[in-house]
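Thanks for coming, everyone. I will keep this short. Please have a look at the model first.

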Amino acid sequence: MKIIKITHENVEQLGDIMAELHRRAFTIATPQGNESWGLESILSSLSQKGSFALLATSADDEPMGFVLGRAVGPTEKFDGEAEILTIAVDPTNQNRGYGRLLVEGAATKAREVGANKMYLEVAADNIAAGSLYQKLGFKNIARRVDYYVRKNEVVDALIMEKSI
Ligand SMILES: CC(C)(COP(=O)(O)OP(=O)(O)OC[C@H]1O[C@@H](n2cnc3c(N)ncnc32)[C@H](O)[C@@H]1OP(=O)(O)O)[C@@H](O)C(=O)NCCC(=O)NCCS
């Protein structure tokens, strides 16, 4: 398992790989199509201040998953904080530790800029993601009712937090 940092130099080459991983991992139908982000949204998120992405690969360099996050350092008035914006692991390679590696990598990256809390948002019915986050020490701090609008249902979002 390896982690590759997405930078200005490699984003053109790796952007399509991230979009494909996202398309394969996020398949729930929504009124707009499905929940996957597409290359444009991924690149747009990455262009925001403090954003970063990490790609996980197998030992033989096959792309397995990625995490997109944002982290800001402390200011005079506020503590530094970080957020996981999205995470996706190739469905045929889930449950092999890539998700954990990516979240831990994001926390390390966030700490480097001085963030001491990490937040994320997860659908209340997303058992795999919820288990991963709980195992890594994230706690529920809020619930946004009817947050995710899907084709045939609406689902609450849980906001989770962890000190990093
Ligand atoms: C959520 C996701 C990123 C997890 O990635 P992963 O590589 O499968 O996770 P890991 O293998 O690192 O698992 C980490 C822990 O979570 C638990 N876990 C993972 N999938 C699980 C599942 N389906 N059911 C129960 N627990 C699960 C594992 O048991 C593991 O704990 P362990 O290390 O003690 O065994 C992956 O399932 C995914 O891409 N899902 C689709 C996209 C998505 O929902 N993203 C999150 C949006 S908030």
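First, the ground rules. This is a predicted model, where local features need pLDDT of at least 70, side-chain atom pairs count only at pLDDT 80 or more, and totals for chains, interfaces and linings use all residues. Residues are numbered from 1 along each chain as its sequence is written. Helices (H or I, at least four residues) and strands (E, at least two) are DSSP runs, numbered from the N terminus.

Now the helix pair. Two packed helices are described by the angle between their axes and the distance between the axes. Axes are lines fitted to C-alpha atoms, for helices over the stretch in contact, and angles run from 0 to 180 degrees between N-to-C directions. Helix H1 covers residues 11–25, and helix H2 covers residues 38–46. Their axes come within 9 Å and cross at roughly 120°. That makes H1 oblique to H2. Here is the scale: angles under 35 degrees count as roughly parallel, over 145 as roughly antiparallel, 65 to 115 as roughly perpendicular and the rest as oblique.

Which residues of H1 and H2 make the contact? Contact means C-beta atoms, placed from the backbone, within 7 Å. H1 gives Val-11, Gly-15, Asp-16, Met-18, Ala-19 and His-22. H2 gives Gly-38, Leu-39, Ile-42, Leu-43 and Leu-46.

A residue is near it if its C-beta atom, placed from the backbone, lies within 6 Å. There are 20 residues around the ligand, and Gln-94, Gly-99, Arg-100, Ala-128 and Ser-131 come nearest. Strand E6 (80–89), helix H3 (98–112) and helix H4 (127–135) each give two or more residues to the shell. H4 has the largest share, six residues.

Now single residues. Buried or exposed? Buried takes 20 or more other C-beta atoms within 10 Å of a residue's own, exposed takes 12 or fewer, and partly exposed is in between, with C-beta atoms placed from the backbone.

Lys-135 lies in H4. It counts as exposed, with 11 C-beta neighbours inside 10 Å.

Asn-95 has phi near 65° and is in the loop between E6 and H3. Asn-95 is exposed, with 9 neighbours inside 10 Å. Asp-146 has phi of about 55° and sits in strand E8, residues 139–149. Asp-146 is exposed as well, because it has 10 neighbours inside 10 Å.

Methods: Two residues are in contact if their C-beta atoms, placed from the backbone, lie within 7 Å.
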